[in-house]
Amino acid sequence: MSSLIVRFAPSPTGHVHIGNARTALLNYLFAKKHRGLFILRFDDTDAERSKEAFVQAIEADLNWLGVKPDAVLRQSQRLALHSAAAHRLQEAGRLYPCYETPEELERKRKRLQARGLPPVYDRAALALTASERARLEASGRKPHWRFKLDHRIVRWNDLVRGECHINCASLSDPVLVREDGTYLYTLPSVADDIDQKVSHIIRGEDHVTNTAVQIELFEALGAGQRLPAFGHHNLLFSATGEGLSKRSGALSIGSLREEGIEPLAVAAAAVLTGSSATVHPVVSLCELKANFDLGEISRTQARFDPAELATLSARTLHGLSFEAVRERLAAHDITGRKAEPFWLAVRGNLSTFLDAVGWWRVVEAAIEPRIEEAEFLAQARDKLPEEPWDEGIWARWTKALKEATGRKGRALFHPLRLALTGREDGPELAALLPLIGRARAAARLSGHAA
RNA sequence: GCGCCCAUCGUCUAGCGGUCCAGGACAUCGCCCUUUCACGGCGGAAACACGGGUUCGAUUCCCGUUGGGCGCGCCA
């Protein structure tokens, strides 16, 4: 029994977009590949910006992608644990009160930058005497609390980036507790990771610097012996080179779904882009799982092209078995004996799944035929063999027509396609005709809607 | 500004000193198959950012330049 546990920890302040989805998928697939657990944990410590509607939307989007969490948690409901962690840090002398206002801090940063220095907190509050603190508090100032970093070089072997190191002396002591006593992301995140026995933290490379701070926190909280492994994947960029952030709504999972993009195509593109694996259509998340490897992810930022997504989606559709889409077809009342041969006949011509509904109408409902050459079509109708029909019916019928009329090629086939389907292009008629059936075919060849 | 990371066809990438006049995939172009579209098959065009080193020999190692990314919040 493996004890591998991963988590995807979005803040419910926006929708899932392709970049987020990638992190979620990477975690999920990694967990499933190693028979581990996948936790969905909402980092909702920012009460101001966190919205319940986003919680619902994120779960729905993940579900659509096929990412099924083994557990769903909310940080906001685990306050006691976070407070306990804060107290432990305080007792260990790693948490100290600071009284600067945001404006003062901003000024300090500006000053340092102007001198060509990194904008790192100067630890002025650490030098405050007890009476100075008392005076500040008496004047109505409330403290926020910082974690006192150990100024050393923190190293870890990253699952995707290899050996990494960060010099904590170049970092500001992070604020863990706000002036109003609520916690910022850093502390709850680590406290929860410890509590939930998270063994692997897979996230975007925008978190590499955080890792040093978090490793120190893990250690300060006594979890130094059970440090999780870290893996930081590269970030995706739009075709025009902008970062794929919460702001780029065009690449949100919801909008992709509305455009009719296949979830498996989104997943394949999200997971495979930016790695040395070639982007290719997959039949299931299981196939994708077997196919990806954190070590194959590149360290460079990768461009994500939505245009490629559309063709990948079509190619994905072309390879889906009837079983894979049975329920989705049923949702559009595409059921019964004809459903499977129908799917097999049309799937290769679909751009989006919804295109199938149009073809189902061609075989199952009344359509207006397009009459190109009425006389020839009447002749064709008269030569229609009696049922029962099998797959060979098209070949036998058109062969007979060819002999009777001398027509061949486009002159023979084009009028038939137009009358039978009402369209210029589409799947092989050999597969479609048996599904259309004799009565319907005869009527259409006569120019009647049927 | 400071720190860290990165730099190969249009795009995603393989390459870990000679096997590379650089390989694959997607896109693109041409041909074939086909009544049409799609699929499929075959073939073409297309890249080592720049400058110094090291070396008998650099895409591959080192330094610099340029370019890009990330971080530097009482956001997550």
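**Reading the sheet, pockets and domains**

User: What order and what kind of pairing does the open sheet of three strands have?

Analyst: In this predicted model, the open sheet of three strands runs in the order 4-5-8, and its pairing is antiparallel.

User: What makes strand 4 and strand 8 stand at the edges?

Analyst: Strand 4 (95-98) and strand 8 (175-177) each have a single partner strand, so one side of each has no neighbour in the sheet. Direction ignored, neighbouring strands of this sheet are turned by 45° against each other on average.

User: How do you know that strand 4 and strand 5 count as a pair?

Analyst: A pair needs at least two bridges found by DSSP.

User: Why is the second largest pocket said to lie between two domains, and which ones?

Analyst: Domain 1 (1-75 + 186-319) and domain 3 (322-364) both give residues to its lining, so the pocket lies between them. The lining has 22 residues, and W64, E262, P263, L264 and R328 lie nearest the centre of the pocket. Two or more lining residues come from each of helix 2 (52-65), helix 8 (253-258), helix 9 (263-272), helix 10 (285-291) and helix 12 (322-330). The space in this pocket is about 460 Å³.

User: What classes of residue make up the lining of the second largest pocket?

Analyst: The lining of the second largest pocket has 12 nonpolar, five polar and five charged residues.

User: Why is the other space, lined by L26 among others, called a cavity and not a pocket?

Analyst: A cavity is a set of points where a 1.4 Å probe fits but cannot get out, whereas a pocket is an open set. The space lined by L26, V271, L272, S275, F292, D293, E296 and I297 is listed as the largest cavity, so by that definition the probe cannot leave it. Its volume is about 30 Å³, and the structure holds one cavity of 30 Å³ or more. Five nonpolar, one polar and two charged residues form its lining.

User: How do you know that domain 3 and domain 4 are in contact?

Analyst: Contact means heavy atoms within 4.5 Å. By that cut-off, 12 residues of domain 3 are in contact with 12 residues of domain 4. The centres of domain 3 and domain 4, taken over C-alpha atoms, are 22 Å apart.

User: Which domains does the assignment of chain A give?

Analyst: The assignment gives domain 1 (1-75 + 186-319), domain 2 (81-177), domain 3 (322-364) and domain 4 (374-445).

Key
Residues numbered from 1 in each chain as written. Chains lettered and ligands numbered in written order. Predicted model: local features only at pLDDT ≥ 70, side-chain atom pairs only at ≥ 80, totals over all residues. Heavy atoms only, no water. 1 Å grid on protein atoms, 1.4 Å probe; cavity = no way out; pocket = protein on both sides within 12 Å on 5 of 7 lines; lining within 4 Å. Points joined across faces, edges and corners; volume = space filled by probe spheres on them. Helix = DSSP H or I, 4+ residues; strand = E, 2+ residues; numbered from the N terminus. Nonpolar A, V, L, I, M, F, W, Y, C, P; charged D, E, K, R; others polar. Domains from an automatic or database assignment. Axes fitted to C-alpha atoms, helices over the stretch in contact; angles between N-to-C directions.
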